[in-house]
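Morning, everyone. I have one structure to go through today, and I will keep to what can be computed from it.

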Amino acid sequence: MSEVLVLVDSNSLADGKITKPTLELLTIARRLGEPSAVYIGDPSGSGEAPAETLAAYGAQKIYVIDDTDVSDYLVAPKAEALAQLVEKTSPAAVLIPSGGEGKEIAGRLAVKTGSGLITDAVDVQPGPDGTAVTTQSVFAGGYTVQARVTRGTPIITVKPNSATPEQAPGAGTLEDFPVTISEAAKAAKVTASEPRKATGRPELTEAAIVVSGGRGTGGDFSEVEAFADVLGAAVGASRAAVDSGWMPHAFQVGQTGKTVSPQLYVAGGISGAIQHRAGMQTSKTIVAVNKDEDAPIFELVDFGVVGDLHSVLRAATEKVTERKG
Amino acid sequence: MDAMDIVVCVKYVPDSTADRRFEADGTVDRAGVDGLLSELDEYAVEQALQLKEKDAGASTVTVLTVGPERATDAIRKALQMGADKAVHVVDEAIAGSDAVATSLVLANAVEKLGAWDVLICGMASTDGSMGVVPVMVAERLGVPAVTLGSEVEVDGSTVRIRRDGDVATETVEATLPAVVSVTDQSGEARYPSFKGIMAAKKKPLETWSLADLGVDAELVGLSAAWTEVQQTEARPPRTAGQVVADEDGSGAAALVEFLASKKFI
Ligand SMILES: Cc1cc2nc3c(=O)[nH]c(=O)nc-3n(C[C@H](O)[C@H](O)[C@H](O)COP(=O)(O)OP(=O)(O)OC[C@H]3O[C@@H](n4cnc5c(N)ncnc54)[C@H](O)[C@@H]3O)c2cc1C
Ligand SMILES: Nc1ncnc2c1ncn2[C@@H]1O[C@H](COP(=O)(O)O)[C@@H](O)[C@H]1O
C-alpha cells in the first residue's frame with residue numbers, strides 16, 4: 001500500500017500537543033493508504049509525546065523535518081520540504097489541514113510537483129479505483145461538489161470536523177528527513193508576533209457548539225459568552241461585530257472569516273447576510289434569537305426566538321444552569 | 001519612497017448575491033449570471049491606490065485580469081477607482097481553467113509587463129474562493145509572498161504587512177518584488193468619483209491573447225485542468241423550523257426545551 005503524507009498542523013507543532021484536525025487527517029489517510037505524518041520541528045523537544053499520539057492514530061512513519069530554515073520562515077520552505085518528501089516517497093496523496101497556512105503550502109506544492117490541488121474538502125473517500133474523491137461545499141454552502149485530482153500527486157486540504165478521529169495503532173517509526181532550502185524560499189519572514197490571549201473556550205472551527213453575536217449585541221457580548229460557557233461552546237461573531245471592534249477578527253464567522261460546521265450554531269443579533277451564511281450554513285442545527293421577525297436568519301433556523309437577545313440568552317443561561325443542578 | 005510599478009490582480013466573478021449555478025460540465029456558469037469585480041479584489045485595488053498616494057502619485061497602478069470578454073466590466077471599475085492602466089488577458093482556450101492554469105497565465109502576463117515592484121491580490125475570489133492563486137503566482141515568478149494582510153506598508157525595498165492570525169497578530173516582511181494579498185480588514189474600498197468615471201474612459205487598456213504571452217493553449221482551460229469535478233449537487237433547502245415570539249420570558253424556556261430535546265443539554 002502506498003504512503004499518504006499528513007502534514008501535522010502548526011498549532012500542534014507549537015507545543016507538541018497534537019490537535020484534533022491532525023488526528024482527523026490521519027483517520028482519513030487510512031482510507032487511502034498508509035499514513036505517514038510529517039512533523040516540522042523536534043517531536044521530543046516538548047514535554048508532550050506527539051510521536052506516540054500520531055502513532056496511536058495510525059501513523060506508520062513519522063518524518064521529522066527538524067531544520068530552522070524550515071521552522072523559522074513562512075510557508076515557502078515548508079512547501080519546498082514537502083516537495084522533496086513527495087519526490088522521495090511518491091505518496092498516494094498529501095493531506096494538509098485547511099486554513100491560511102495550509103492552503104498556501106498546498107498551492108506552492110501543487111505548482112512545484114505539477115499536481116492537482118483540491119482545497120477545503122469536507123470529506124475524502126477512496127473512489128472505485130482507490131484514488132481520493134473529495135467533497136467540497138461551495139457557493140456559500142449552496143452546493144456540494146465531488147471532485148478528484150487527475151494529475152500528479154493529489155494534494156488535498158481538509159477542513160476541521162471532516163472526520164471523527166479513530167485510534168488505530170501504527171508503528172510510528174521516526175525517520176529524520178534532511179532538506180535543502182533555497183535562499184529564495186527564505187525571503188519572507190515573520191518579524192514580530194503578538195500572541196492572542198487564550199480564551200479557555202474551544203477552538204471555533206473545531207467546536208461542537210458555537211454561539212455567535214452580531215451587531216444586535218450592541219457591543220455587549222456578556223450574554224453571548226455566558227450562554228456559550230454554560231453550553232461548553234466556542235464564541236463567534238459577525239463581521240459587523242468585528243468591524244465595530246467588539247471582537248477580534250479571529251472570531252469572525254463567514255466568507256472572510258471562519259467556516260464552522262458544528263452540531264449546534266446559535267446566532268444572537270445576527271441578520272443572516274449571505275456572507276455570514278457562507279460560514280455557518282452547513283451547521284447541523286441552527287438556532288437564532290433576533291428581535292426582527294423578518295430577519296433572513298429565520299429562514300435557516302431549526303428553532304428561532306423573536307425577542308431581545310440579551311434577556312433571552314440571560315434567562316436561557318439561568319435555565320440551563322438550573323437544569324444542570 | 002521611489003516610484004513603484006504596482007500591479008493589481010482582479011477577477012471578474014458572478015455576483016454572489018445572485019443565484020450562482022454550475023454548467024453541465026461542472027464549471028461555474030459565468031454567462032448566465034451577472035458578473036462584477038470581485039468585492040474582495042476591491043480591497044486590493046484600494047491598497048494599491050493608497051500606496052500610490054503615499055508617494056504623491058508617482059507610482060503606476062496596472063490592473064491585470066484573466067477572464068472572458070465581459071471581464072472588462074471589472075477592469076473598468078478598477079480604472080474608475082483610480083488605477084492608471086489595465087491589461088486584459090482573454091482567450092477562448094482559457095475558459096474552465098483551474099487555479100494552477102490561471103496562475104500560469106497571470107505569471108506570464110506579469111513577466112510580459114516588464115519590471116514591477118509589488119503585485120497585490122485579493123484574499124480569495126468570491127466564486128472559486130480557494131485563495132491560492134497569489135502564492136501560485138509567487139511560486140512561478142520565484143518571488144516571496146506575504147499574504148492576508150490587514151495593513152500594508154512599503155519601506156524602501158521592503159514590504160511589510162500586519163496579519164491577524166488565529167493565535168497571534170504578526171508582522172510579516174519580504175523584499176521587493178513581492179506578491180501581497182490583502183483581506184477585507186485592510187480598509188473600506190473607495191467608490192469611483194464622477195471624475196474617476198470620466199477619466200477611466202481614456203485610460204489605456206491592452207488586450208492580450210495566449211499567443212501574445214507565448215503560453216501554449218494546451219496547458220490551460222477545462223481539458224488541461226489537473227482536477228476534475230465529478231458531480232455537483234444543490235444543497236437541499238433547510239426545512240423551515242419553528243419560530244416563537246418571546247413573551248415574558250417564554251422564549252428562553254422554549255429555547256431551552258428545544259435544546260434539551262436535541263440533547264444539547
Ligand atoms: C466581501 C464581503 C465579505 C463579508 N464577509 C462576512 C463574513 O465573513 N462574516 C459576516 O458575518 N459578514 C460578512 N460580510 C458582511 C455581511 O454582508 C453583513 O453586513 C454582516 O454579516 C451583518 O452583520 P450582523 O448580522 O451582525 O448585522 P446586521 O445585518 O446589522 O444585523 C443585526 C441584527 O440584529 C438584530 N438585533 C438588533 N438588536 C437586537 C437585540 N437587542 N436583540 C436581538 N436582535 C437584535 C437586528 O434585527 C438585525 O437582524 C461580508 C460582506 C462583504 C461585502
Ligand atoms: N482570473 C484572474 N485574474 C486576475 N486575478 C485573479 C484571477 N483569479 C484569481 N486572481 C487573484 O487571486 C486572488 C485569489 O484568488 P483565488 O485563488 O481564485 O481565490 C484574487 O483575489 C485575485 O487577486
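I will take chain A overall, then one of its strands, then chain B.

A caution before the numbers: this is a predicted model.

Chain A has ten helices and 15 strands. Its C-alpha trace spans about 60 × 45 × 40 Å along the principal axes.

On burial, 58% of the 325 residues in chain A are buried. Of the contacts in chain A with a separation of 6 or more, 65% are between residues 24 or more positions apart. The accessible surface is about 12,300 Å², and carbon and sulfur atoms account for 47% of that. As for charge, chain A carries 28 positive and 39 negative side chains, with the centres of the two sets 3 Å apart.

Five of its five residues are buried. In a regular strand, side chains alternate between the two faces of the sheet. So which residues of S11(A) sit on which side? A:Ile209, A:Val211 and A:Gly213 are on one side, A:Val210 and A:Ser212 are on the other, and all of them are buried. Both faces of this strand are therefore covered, with buried meaning under 20% relative accessible area.

What does S11(A) pair with? There are two partners to mention here, S13(A) and S12(A). S13, residues 264-268, runs parallel to S11(A) and is joined to it by five bridges. In that pairing, A:Ser212 stands opposite A:Ala267. S12, residues 234-237, is also parallel to S11(A), with four bridges. There, A:Val210 is opposite A:Ala234.

Chain B has seven helices and 14 strands. Its C-alpha trace spans about 65 × 45 × 40 Å along the principal axes. Of its 265 residues, 50% are buried. Residues 24 or more positions apart make up 71% of the chain B contacts with a separation of 6 or more. The accessible surface is about 11,600 Å², with 48% belonging to carbon and sulfur atoms. Chain B has 24 positive and 43 negative charges, and their mean positions are 4 Å apart.

That is what I have for today.

Key: Residues numbered from 1 in each chain as written. Chains lettered and ligands numbered in written order. Predicted model: local features only at pLDDT ≥ 70, side-chain atom pairs only at ≥ 80, totals over all residues. Heavy atoms only, no water. Helix = DSSP H or I, 4+ residues; strand = E, 2+ residues; numbered from the N terminus. Buried < 20%, exposed > 50% of the residue type's maximum accessible area, 1.4 Å probe, protein only. Contact = heavy atoms within 4.5 Å. Areas by Shrake-Rupley, 256 points an atom, 1.4 Å probe, with all protein chains shown as cover. Lys, Arg positive; Asp, Glu negative; His and termini not counted. Charge placed at Lys NZ, Arg CZ, Asp CG, Glu CD. Pairing = 2+ DSSP bridges.
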